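Hi everyone, thanks for coming along. I'd like to walk you through one model today, so please have a look at the screen.

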Amino acid sequence: MQNSEMINEFLDGGLLPADEDNFLMMLAANDELKSEFKRALFIDNTLKEEAASIAPSTKSTMQLFSALGINNSNFIQGKSFYGKTTELMVKYFKKSIPSIITALIVSAAVSWYFIESKNNTTITSKPANELNEPLLAANSYEPGFPLMSSYQFDNSAYSPRQANGYIPVKTNKIQKRYKSDDVTLTNPLEMNVPVAADLNEKDVIFEYSNVSKDVLNSASEQLKSAYLDFNGSENLTGLKNNEGKKRFSVAFTGNEDKSLKNVLYKESSHPLLARNGLEILYNLNEDVKIGIDLRQEYFFQDFKKYDEKGIWSQYYQHPNLFTAGLVAQIKITRLFNKTDLIGKVGMGYNKAGAVVRGMIGIDYNATKDFGFTLGIENSNQFYMGGSALYVTPKIGLSYGVKFNL
Amino acid sequence: MADLSKYEDSDLITTFINSKKDGNQAFAVIYDRYSKSIFAYILKIINNREQAEDLFQETFIRFYQNVKFNYKGGSLIGFLITIARNLCLNYKRDNKPVLPLDETGFGGPVAESDENSEYKDIVTAALDLLDMELKELLILRIYDGMRYEDIAEITGMTVGNARLKVFRAKEKLRSILTPYLKEYIS
């Protein structure tokens, strides 16, 4: 059998196993055969790649179904568009199962620890005349509920002692959620002071007794400003006190993307956490965060270089890489309650080379302790092949569950 | 509505011909399954996208209208390709051939500057330098992924002859391309 015949048979899958072994041994020993085989493989692959890229236009499909009088919303879109979209989503969902499970377990554990356990806390409240210190009037870990402290009254020249007894501050809603047996709740003035109504928060009605109208008005103003000052913080102790503000956020992230350079080449297999990451951010201020981004991810690579035998060769691979990098996040604007539009830029490095990326998305703060991010991310891998520099871009979804520490 | 996407070809044809309720859905599944192959065949034979779209639509219209009268069993893709093939032959008979390459051989415009893409363009263009018979066989085998049995059925050859001619087409293509690819893949 001639070289060309053997190459044809091999590429066509027509060689017997024993003949295949012989052929591979000959290929290893014979440089001329090897070159001929490489050219044949290149031709075969090129034609197959072209074949895979050919498809009729959507317009043509629509015209055909219209000409046949078939309701294309049921079949064309249902089968070709929605069907394929669903298929794609199912495929991505399956791939992201490990990251989803990780995110669910961690968020469930943290939610239980930070939220459920603290919701059982009974409000500390004691008669003010027994104390000469700030009295905690109410505290809540309910998401979005305004936090407050008796310290506001101290700052407004309204001390527990001046109030002739105790600070009768309560919230109706809090009372329903927490037991507070040792506080007497009266409202002789029949005056309700709504606060936070313009903050997209739940209205809370504060009721006061044994307090003059002037003091009450002053107190309500202090409550408003106190809430604004301490939005999102915990363990409030003073109007200007930033203690307890969350400085770090840790996010367990995942990414689902497609290479923009080549979508045909198969990804390398990687058992777990192939698309997962960890992001730790430090809050410079309310709008800007910086930190580190560690992740496993795929990048398609194609490049040319001399192989081990000095033959100029074309390489294709779609490896899974570990990338470590720096990231900066900026809040662009608040979209709606608890949800910000954010942008991220990052630079990193992995075994193949440098990575530059940008992301735009949303940052949802479910509570002050944890939330979620979701965005569209573009990443570019720079790498060397031989002496040439290559770049391969990709685009996709980036998502994560974050915890504020 | 039943999910027909997992049906075998023979079941789809039966449903399409006999079921008023699911007939159109069966056709949609057949279309989804083979439209790419049929279009690739027509486009590579005709070398004109606009005309290829028209012939492609005509192929499926004829299939839709005539399958219950003309289909005698056998490979469904083979039946579709036969319709497309007849339409292409008619088209080529009525239209003058268009030379895809200029006088210098592979001197046509190259869409991308990337060296790899340039060589890929050369390979796909070289297909048009083959005899029509060899080119068609290669298209059926590589672009449509057809078995030699189906190729033989469509072209009226024996299976052995179809296989031999596909190999011959590949060798011819390699011999045309070797001078160009030797610099690139040595």
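Let me start with a rule: a salt bridge here is a side-chain nitrogen of Lys or Arg within 4 Å of a carboxyl oxygen of Asp or Glu. What we are looking at is a predicted model, where local features need pLDDT of at least 70 and side-chain atom pairs count only at pLDDT 80 or more, while totals for chains, interfaces and linings use all residues. For bookkeeping, residues are numbered from 1 along each chain as its sequence is written, chains are lettered from A and ligands numbered from 1 in the order in which they are written, and side-chain values use heavy atoms, with hydrogens and water left out.

So, how many salt bridges does the rule find across the interface of chain B and chain A? Five, and over all chains the count comes to 26. One that crosses is B:Arg141 with A:Asp12, at 3.0 Å from N to O. That pair runs from helix 6 of chain B to the loop between helix 1 (3–11) and helix 2 (17–29) of chain A; helices (H or I, at least four residues) and strands (E, at least two) are DSSP runs, numbered from the N terminus. A:Asp12 has a relative accessible area of 17%, so it counts as buried. The classes are: buried under 20% relative accessible area, exposed over 50%, and partly exposed in between, with a 1.4 Å probe and protein chains only. B:Lys170 also reaches across, to A:Asp44, with the closest N and O atoms 3.9 Å apart.

As for the interface itself, 45 residues of chain B touch 42 of chain A, where contact means heavy atoms within 4.5 Å. The two chains bury about 4,200 Å² between them, 62% of it on carbon and sulfur atoms; that is the accessible area (1.4 Å probe) that two parts lose on being put together, summed over both.

Now to chain B, which has eight helices and zero strands. Of its 186 residues, 52% are buried. Inside this chain, B:Glu136 and B:Arg85 form a salt bridge with N and O 2.4 Å apart. This pair links helix 6 and helix 4 of chain B, 51 residues apart, and both residues are buried.

Helix 7 of chain B (residues 148–155) is mostly covered, with six of its eight residues buried. Those buried residues pack against helix 4 (76–94), helix 6 (132–143) and helix 8 (159–184) of chain B. One of them, B:Asp150, is buried at 8% relative accessible area, yet it meets B:Arg147 in a salt bridge of 3.2 Å, N to O. B:Arg147 counts as partly exposed because its relative accessibility is 49%.

Over in chain A, let's follow strand 9 (320–336). Strand 9 pairs antiparallel with strand 6 (residues 288–298) over 11 bridges, and 11 bridges also join strand 9 to strand 10 (residues 339–349), again antiparallel. Pairing here takes at least two DSSP bridges between two strands. A:Leu326 in strand 9 stands opposite A:Ile292 and also opposite A:Met347 in strand 10. The hairpin of strands 9 and 10 has two residues between the strands, and A:Lys338 there takes a positive phi near 70 degrees.

Last stop: A:Leu335 sits in strand 9 and is partly exposed at 39% relative accessible area. Thanks, and I'm happy to chat.
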